[in-house]
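Subject: Structure for you to look at

Dear colleague,

My notes on it come after the model.

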Amino acid sequence: MRSQIKTIIPGFDELVEGGLPKGKCILLSGTPGTGKTIFSLQYIYNGATKCREKGMYISFEENKQNLFSQAKKFGWNMEKFEKEKKIFIKDIPVSDLKENTVKEFITYVKENNITRLVIDSLSALAINIPSTYTKLTEINDLFVKRFIYNFINELRTLKDTTTLLISQTSNDGLSMDGVSEFICDGVILITYESLGGDYSRTLRVRKMREINIDEDIHPLEIGSKGIKIHALD
Ligand SMILES: Nc1ncnc2c1ncn2[C@@H]1O[C@H](COP(=O)(O)OP(=O)(O)OP(=O)(O)O)[C@@H](O)[C@H]1O
Ligand SMILES: [Mg+2]
């Protein structure tokens, strides 16, 4: 039987036959301000509170206190779970990125039995690839693609950890680097787009290897308890 990880985000798991495939890397892509960070915090919080699964949120974008206060607005006391070592939040300045950073993440994840991981975001990585990786004057698209490719490939060695990789996208692509959508096992896309109802955002599962996905575009609501995916009328 296939092993799946329930996000318990209302309305989401039924789009992917009950949950995300265990041990895989999923790209969570979207335009700015669409709810990618909130979706990912909810995934980690639900894991710790409802599934007894440890989660780690690695942010290159926002500091820890901002993430805690964002979570608190939805009633999620992440600080408490962090103190109990059930949730790990790491805010890492992009200037601290090194070539072996991903290896350090992997070691940490294994040592602490973390089964839910979030990287926020691949886009921040792509524009700040470690300068040891290549000379600044030589940085080009191919180096960025190769760095992101290797980064995701390393994460895919974690067979018990299901990773959400957040990516910023413009309106016509699935990622900024142009390679992560191919290497990831799944792609979820959130955009600003009204279907004419009450909600101004939509979510669509674009790919999930080995899973019979619901391919429809669904309204996404950010309410007082977090994100909710609505069924189509
Ligand atoms: N408590 C709340 N209730 C309703 N909507 C909220 C609440 N908090 C934030 N939002 C909405 O969610 C949006 C931000 O969500 P989030 O930070 O998850 O987006 P993001 O996709 O991660 O954005 P970015 O690309 O800038 O990182 C805000 O712009 C706001 O519209
Ligand atoms: Mg964000």
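What follows goes from the overall fold to the cores and then to one serine.

Please keep in mind that this is a predicted model. The secondary structure of the protein comes to seven helices and eleven strands, and the C-alpha atoms fill a box of roughly 55 × 40 × 40 Å along the principal axes. A compact globule of 233 residues would have a radius of gyration near 17 Å, and because the protein has 17 Å, the two agree. Of the 233 residues, 52% count as buried, while the protein exposes about 11,200 Å², of which carbon and sulfur atoms supply 48%.

The largest nonpolar core holds 38 residues, among which F12, M78, L203 and M208 touch the most other members; helix α1 (residues 36-50) gives the most to this core, with seven residues. There is also a second, separate core of 34 residues, which includes V102, I152, L165 and L189. Returning to M78, and leaving aside its neighbours within four places in sequence, its contacts include L41, I44, Y45 and F68.

The serine is S175, placed in the loop between β7 (162-168) and α7 (180-183). S175 has 10% relative accessibility, which is under the 20% cut-off, so S175 counts as buried. Its side chain reaches the backbone nitrogen of G178 at 2.9 Å and makes a polar contact with the side chain of S180 at 3.4 Å. Not counting residues up to four places away in sequence, S175 also touches L27, S29, S167, Q168, T169 and E181, among others.

With best regards

Definitions and conventions:
Residues numbered from 1 in each chain as written. Chains lettered and ligands numbered in written order. Predicted model: local features only at pLDDT ≥ 70, side-chain atom pairs only at ≥ 80, totals over all residues. Heavy atoms only, no water. Helix = DSSP H or I, 4+ residues; strand = E, 2+ residues; numbered from the N terminus. Buried < 20%, exposed > 50% of the residue type's maximum accessible area, 1.4 Å probe, protein only. Polar contact = N/O pair within 3.5 Å; in protein donor to acceptor, adjacent residues only side chain to side chain. Contact = heavy atoms within 4.5 Å. Core = buried A, V, L, I, M, F, W, Y, C linked by side-chain atoms within 4.5 Å. Rg over C-alpha atoms; globule rule 2.2 N^0.38 Å. Areas by Shrake-Rupley, 256 points an atom, 1.4 Å probe, with all protein chains shown as cover.
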